[in-house]
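User: Hello! I am new to this structure and would like a friendly walk through it. Could we take it one question at a time?

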Amino acid sequence: MANNFDPKIISKLADVLNKNNLSEIEYEDESFRIKLRGACAGTPLPPPPPIPPMPAPAAPLPSPQPVKNDEFAIDDYVNNAGSVKSPIVGVVYLSPDPTKPDYVTVGDTVKEGDIVCLIEAMKTFNPVKAHRSGTVTKILVESGDPVEYGESLMIIE
(Lines give C-alpha, C1' and ligand atoms only; values in the text may rest on other atoms or scores of the structure.)
Protein backbone atom coordinates (compact mmCIF):
# COMPACT_ATOMS: atom_id res chain seq x y z
CA MET A 1 0.00 0.00 0.00
CA ALA A 2 1.54 3.29 -1.12
CA ASN A 3 1.29 6.33 1.06
CA ASN A 4 -0.50 9.09 -0.91
CA PHE A 5 -0.78 11.43 2.05
CA ASP A 6 -0.82 15.11 1.05
CA PRO A 7 -0.27 17.51 4.00
CA LYS A 8 -2.47 20.11 2.25
CA ILE A 9 -5.46 17.89 3.05
CA ILE A 10 -5.14 18.76 6.73
CA SER A 11 -5.35 22.50 6.09
CA LYS A 12 -8.31 21.99 3.70
CA LEU A 13 -10.13 19.89 6.30
CA ALA A 14 -9.34 22.48 8.98
CA ASP A 15 -10.86 25.20 6.77
CA VAL A 16 -14.03 23.12 6.27
CA LEU A 17 -14.16 22.49 10.03
CA ASN A 18 -13.89 26.21 10.88
CA LYS A 19 -16.06 27.61 8.09
CA ASN A 20 -18.94 25.27 8.96
CA ASN A 21 -18.51 25.63 12.72
CA LEU A 22 -18.08 21.88 13.12
CA SER A 23 -16.71 20.26 16.24
CA GLU A 24 -15.23 17.28 14.38
CA ILE A 25 -14.48 16.16 10.83
CA GLU A 26 -13.19 12.82 9.54
CA TYR A 27 -11.70 11.90 6.16
CA GLU A 28 -10.67 8.50 4.83
CA ASP A 29 -9.38 7.09 1.55
CA GLU A 30 -7.60 3.82 0.55
CA SER A 31 -4.26 4.78 2.02
CA PHE A 32 -5.05 6.77 5.20
CA ARG A 33 -7.67 8.02 7.60
CA ILE A 34 -7.65 11.39 9.41
CA LYS A 35 -9.91 12.83 12.10
CA LEU A 36 -9.77 16.51 13.19
CA ARG A 37 -11.44 18.03 16.21
CA GLY A 38 -12.05 21.74 16.44
CA ALA A 39 -11.07 23.86 19.41
CA CYS A 40 -14.72 24.00 20.46
CA ALA A 41 -15.15 20.22 20.52
CA GLY A 42 -16.28 19.22 23.98
CA THR A 43 -15.93 22.73 25.40
CA PRO A 44 -19.00 24.34 26.85
CA LEU A 45 -20.44 27.52 25.39
CA PRO A 46 -19.41 30.72 27.14
CA PRO A 47 -21.91 31.97 29.70
CA PRO A 48 -24.36 34.65 28.53
CA PRO A 49 -23.49 38.23 29.41
CA PRO A 50 -24.77 39.36 32.79
CA ILE A 51 -28.13 41.13 32.92
CA PRO A 52 -27.67 44.76 33.94
CA PRO A 53 -29.23 45.63 37.30
CA MET A 54 -32.57 47.40 37.38
CA PRO A 55 -32.27 51.16 37.83
CA ALA A 56 -32.93 52.43 41.31
CA PRO A 57 -36.46 53.71 41.81
CA ALA A 58 -36.89 57.42 41.36
CA ALA A 59 -37.04 59.56 44.44
CA PRO A 60 -40.61 59.98 45.68
CA LEU A 61 -42.39 63.13 44.61
CA PRO A 62 -42.78 65.77 47.28
CA SER A 63 -46.17 65.76 48.92
CA PRO A 64 -48.57 68.39 47.58
CA GLN A 65 -48.57 71.67 49.41
CA PRO A 66 -51.85 73.08 50.67
CA VAL A 67 -53.55 75.53 48.31
CA LYS A 68 -53.55 79.12 49.50
CA ASN A 69 -56.85 81.01 49.58
CA ASP A 70 -56.00 83.08 46.49
CA GLU A 71 -54.81 80.06 44.50
CA PHE A 72 -56.79 77.17 43.08
CA ALA A 73 -55.99 73.67 41.99
CA ILE A 74 -57.53 72.68 38.66
CA ASP A 75 -58.15 69.19 40.04
CA ASP A 76 -60.51 70.77 42.59
CA TYR A 77 -62.87 71.64 39.72
CA VAL A 78 -62.94 68.37 37.80
CA ASN A 79 -66.03 67.08 39.61
CA ASN A 80 -67.63 70.50 40.14
CA ALA A 81 -71.15 70.62 38.69
CA GLY A 82 -70.43 74.08 37.29
CA SER A 83 -67.28 72.98 35.49
CA VAL A 84 -67.35 73.60 31.73
CA LYS A 85 -65.33 70.74 30.28
CA SER A 86 -63.53 70.43 26.99
CA PRO A 87 -65.52 68.20 24.62
CA ILE A 88 -62.40 67.44 22.52
CA VAL A 89 -58.61 67.58 22.47
CA GLY A 90 -57.28 70.79 20.94
CA VAL A 91 -56.21 74.36 21.60
CA VAL A 92 -58.53 76.68 23.52
CA TYR A 93 -59.26 80.28 22.48
CA LEU A 94 -61.19 82.61 24.76
CA SER A 95 -62.08 85.08 21.99
CA PRO A 96 -63.29 84.68 18.40
CA ASP A 97 -60.31 86.69 17.13
CA PRO A 98 -57.13 88.02 18.79
CA THR A 99 -58.34 91.59 18.19
CA LYS A 100 -61.74 90.99 19.81
CA PRO A 101 -62.64 90.73 23.50
CA ASP A 102 -63.02 87.37 25.24
CA TYR A 103 -66.37 85.63 25.05
CA VAL A 104 -66.63 85.73 28.84
CA THR A 105 -64.65 87.06 31.78
CA VAL A 106 -64.86 86.32 35.49
CA GLY A 107 -68.04 87.87 36.85
CA ASP A 108 -70.00 87.69 33.56
CA THR A 109 -73.49 86.23 33.63
CA VAL A 110 -74.16 83.60 30.94
CA LYS A 111 -77.20 81.71 29.78
CA GLU A 112 -77.26 78.02 28.96
CA GLY A 113 -76.13 77.62 25.34
CA ASP A 114 -74.00 80.82 25.21
CA ILE A 115 -70.60 80.36 23.58
CA VAL A 116 -67.90 80.69 26.25
CA CYS A 117 -64.80 79.76 24.19
CA LEU A 118 -63.55 77.93 21.09
CA ILE A 119 -61.42 74.82 20.75
CA GLU A 120 -59.40 74.38 17.60
CA ALA A 121 -58.90 70.81 16.49
CA MET A 122 -57.65 69.81 13.04
CA LYS A 123 -57.94 73.38 11.70
CA THR A 124 -61.61 73.54 12.78
CA PHE A 125 -62.88 75.91 15.46
CA ASN A 126 -65.48 74.24 17.67
CA PRO A 127 -67.64 76.41 19.93
CA VAL A 128 -67.92 75.41 23.59
CA LYS A 129 -71.26 76.40 25.08
CA ALA A 130 -72.34 77.02 28.65
CA HIS A 131 -74.08 73.92 29.98
CA ARG A 132 -76.09 76.00 32.45
CA SER A 133 -76.97 79.58 33.28
CA GLY A 134 -75.02 81.39 35.97
CA THR A 135 -72.00 83.53 36.71
CA VAL A 136 -68.48 82.76 35.50
CA THR A 137 -66.45 82.46 38.72
CA LYS A 138 -63.17 81.00 37.46
CA ILE A 139 -61.41 80.71 34.10
CA LEU A 140 -58.92 77.86 34.37
CA VAL A 141 -57.18 78.20 30.99
CA GLU A 142 -55.58 80.89 28.87
CA SER A 143 -55.97 81.46 25.15
CA GLY A 144 -53.60 79.22 23.23
CA ASP A 145 -53.40 76.53 25.92
CA PRO A 146 -53.58 72.91 24.74
CA VAL A 147 -56.49 71.08 26.39
CA GLU A 148 -57.49 67.45 26.80
CA TYR A 149 -60.89 65.83 26.52
CA GLY A 150 -62.79 66.35 29.78
CA GLU A 151 -60.43 69.03 31.10
CA SER A 152 -62.13 71.78 33.12
CA LEU A 153 -62.00 75.09 31.25
CA MET A 154 -64.04 77.37 33.52
CA ILE A 155 -66.58 77.34 36.34
CA ILE A 156 -70.11 78.66 36.07
CA GLU A 157 -71.98 78.92 39.39
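User: Which residues of the largest nonpolar core touch the most other members?

Analyst: Happy to start there, and please keep in mind that this is a predicted model. The largest nonpolar core has 16 residues. Strand S6 (115-121) and S10 are the elements that give two or more residues to this core. Those touching the most other members are Val92, Val110, Val116, Cys117, Val128 and Leu153.

User: Which residues belong to the other core, apart from that one?

Analyst: In soluble globular proteins, nonpolar side chains tend to be buried together. Here another core, of seven residues, lies apart from the largest one. Its members include Ile9, Leu17, Ile25 and Leu36.

User: Which residue in the hairpin of S6 and S7 takes a positive phi?

Analyst: This hairpin has two residues between its strands. The phi in question is near 55 degrees. The residue that takes it is Met122.

User: What is the bridge partner of Val92 in S6?

Analyst: Strand S4 (residues 90-93) and S6 run antiparallel and are joined by three bridges. Val92 is also among the core residues that touch the most other members. In S6, its bridge partner is Ile119.

User: In what order do the four strands of the open sheet come?

Analyst: Let us begin at the edges, where strand S3 (83-85) and strand S5 (109-110) each pair on one side only. Further in, strand S8 (residues 134-139) and strand S10 (residues 152-156) run antiparallel and share three bridges, with Lys138 standing opposite Ile155 in S10. The pairing in the sheet is antiparallel, and the order is S3-S10-S8-S5.

User: Which side chain makes a polar contact with that of Ser152?

Analyst: Ser152 has its place in strand S10. At 2% relative accessibility it counts as buried, because the cut-off is under 20%. A polar contact of 2.7 Å joins its side chain to that of Ser83.

User: Is Ser95 buried or exposed, and which backbone oxygen lies 2.9 Å from its side chain?

Analyst: Ser95 is in the loop between S4 and S5, and at 11% relative accessibility it counts as buried. Leaving out residues up to four places away in sequence, Ser95 touches Lys100, Pro101, Asp102, Tyr103, Leu118 and Ser143. The backbone oxygen that lies 2.9 Å from a polar atom of the Ser95 side chain belongs to Asp97.

User: What share of the 157 residues is buried?

Analyst: For the protein as a whole, the accessible surface comes to about 11700 Å², of which 57% belongs to carbon and sulfur atoms. The share of the 157 residues that is buried is 23%.

Conventions
Residues are numbered from 1 along each chain as its sequence is written. This is a predicted model: local features need pLDDT of at least 70, side-chain atom pairs count only at pLDDT 80 or more; totals for chains, interfaces and linings use all residues. Side-chain values use heavy atoms; hydrogens and water are left out. Two strands pair if DSSP finds at least two bridges between them. A nonpolar core is a set of buried Ala, Val, Leu, Ile, Met, Phe, Trp, Tyr and Cys residues joined through side-chain atoms within 4.5 Å. Buried means under 20% relative accessible area, exposed over 50%, partly exposed in between (1.4 Å probe, protein chains only). Accessible areas come from the Shrake-Rupley method with a 1.4 Å probe; for residues, only the protein chains shown count as cover. A polar contact is a pair of N or O atoms within 3.5 Å; within protein, one must be able to donate a hydrogen and the other to accept it, and residues adjacent in sequence count only if both atoms are side-chain atoms. Contact means heavy atoms within 4.5 Å.
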